[in-house]
Amino acid sequence: MKKAGEKNGDHYVIRGGIPLVGEVDIGGAKNAALAIVAASIMTDETVTIENMPDVRDTNVMLEAMQGIGVTIKRLDRHTVKINGSMVKNVIVDTINIRKIRASYYLLGALLGKYKNAEVPLPGGCDIGSRPIDQHAKGFRALGAEVTIEGGIVNVKASSQHLHGAHIYMDVVSVGATINVMMAASLAEGKTIIENAAKEPHVVDVANFLNSMGANIKGAGTDVIRISGVEKLHACTYSVIPDQIEAGTFMFAAAVTKGDVLIKNVIPKHLESITAKLIEIGCEVQEFDDAVRVVASKRLKSTQIKTLPYPGYPTDMQPQAGVALALSGGVSTITESIFENRFRYVDELVRMGAQIRVEGNTAIIEGVEGFKGAHISAPDLRAGAALVIAGLAAEGITVIDNIYFIQRGYEDFDAKLRHLGAQIDEAEDERDIKKFKFKVVS
Ligand code: EPZ
């Protein structure tokens, strides 16, 4: 079986114009799983993680951890057993780890447990500068020295132990909140994190740490209180459903005028996405662990501003951009989290969209439809949004660099085919030609 993200093809090729209809199952949250995998080495006992997404980012993270002596046993595609007791050193320096941003979670986990860690500066999508000053501020407040030399971040406790602290985050940061929460779990005394991030995956990591014996209260609010404990123990934990994968399929249903039941979700986590879809004319039905999106008419224009949770998520901004580019009227999107998250716009314009970007705002004049084109994915979420654009476009769309998309979406093309989409991976021009001449069923 193809390992997730294993390069079979470099391109997606799509024949658009087909409404998506049917049911799709959502996997575990990539951005929760990455932090949970890192935190799992904070105990010498074995941790079992269920509902793990089988995507490139989490697989690269697991490989990097094996590289420092962590034992990883995959029980099935979505369940792994992790034991960090044999960690040989705290220097995480594998070529791969530079490719994902979440490498910085190993800093918080290793500092918490070993009081010392060296990890390459994070890589990740080119959606903005992505500093780690708030991570460093938290670690220093807990009593660690933080230095960055030659692209390597080195954190080291100044004494035997880390100590509790009262930390006020200057910026609402998911990564910094999670990292400080991890390190503080094994520090001596109490830590308060103010202006904390409230994303569902922050809560998921707090719940995971608590199931290992940590004492964390208030996750999901902007004040998190942590009482350090001596050590953490084994647990079995299931990762929450991926809010952004779910939102991506919700917008795919809306843009193709389909009728899709998106299963294994937590509707509460999708509230801001649901609200926007209703605003632009979709019907959204909520069930206990599913949402159904139905769109029959042309979508309406609206205004969107990305904000930290529970605001509209930045990771759903490109997907909304595609929908608004096809809506009737003029819309605006203001991206307040990252400074370079409109890289999909140029590709959309090649398909016929009318969008101009002024600073951190995109002004979008809706058009009747897109024409298929040969475009390329600039980053993970922009890539997923361009797939949605291809599904709506007339004719054939070829998308290059689907590596980015496979970082965060498991079996994306297979799940879309299951909903009636005509989409395939293609290795080369020959494959693309073959797809183009496939009889249109
Ligand atoms: C996480 O990135 C996610 N990645 C991102 O998802 C997501 O877009 C982002 O949170 C916001 O929700 C992972 O979880 C692996 P931040 P993170 O720290 O933690 C600034 C995806 O598509 N900042 O909340 O890096 C930063 O520049 C990815 O799955 C500082 O200034 O995001 C940004 O403007 C893309 N100093 C803002 O805060 C810091 O020390 C939010 O960043 C840290 C962040």
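1. Ser 173 caps helix α5 at its N-terminal end. One of its side-chain oxygens sits 2.9 Å from the backbone nitrogen of Ala 176. Bear in mind that this is a predicted model.

2. Helix α5 covers residues 174–185, twelve in number. From first C-alpha to last it reaches 17 Å, close to the 16 Å expected at 1.5 Å a residue.

3. Is α5 largely enclosed or exposed? Eleven of its twelve residues are buried, so the rest of the structure largely encloses α5. Among the buried residues are Gly 175, Ala 176, Thr 177, Ile 178 and Asn 179. The buried set also includes Met 181, Met 182 and Ser 185.

4. The largest pocket has a volume of about 940 Å³. Its lining counts 41 residues. Nearest its centre lie Arg 101, Arg 130, Val 174, Ile 337 and Phe 338. Helix α5 supplies at least two lining residues, as does each of α1 (30–39), α4 (133–141), α7 (243–255) and α11 (380–392).

5. Where does the largest pocket lie? Domain 1 (11–25 + 265–434) and domain 2 (30–238) both contribute to its lining, so the pocket lies between them. By class, the lining holds 18 nonpolar, twelve polar and eleven charged residues.

6. The second largest pocket has a volume of about 280 Å³. It is lined by 16 residues, and those closest to its centre are Lys 115, Leu 186, Val 229, Glu 230 and Lys 231. Its lining divides into five nonpolar, five polar and six charged residues.

Notes:
Residues numbered from 1 in each chain as written. Predicted model: local features only at pLDDT ≥ 70, side-chain atom pairs only at ≥ 80, totals over all residues. Heavy atoms only, no water. Helix = DSSP H or I, 4+ residues; strand = E, 2+ residues; numbered from the N terminus. Expected span 1.5 Å × (residues − 1). Buried < 20%, exposed > 50% of the residue type's maximum accessible area, 1.4 Å probe, protein only. Polar contact = N/O pair within 3.5 Å; in protein donor to acceptor, adjacent residues only side chain to side chain. 1 Å grid on protein atoms, 1.4 Å probe; cavity = no way out; pocket = protein on both sides within 12 Å on 5 of 7 lines; lining within 4 Å. Points joined across faces, edges and corners; volume = space filled by probe spheres on them. Nonpolar A, V, L, I, M, F, W, Y, C, P; charged D, E, K, R; others polar. Domains from an automatic or database assignment.
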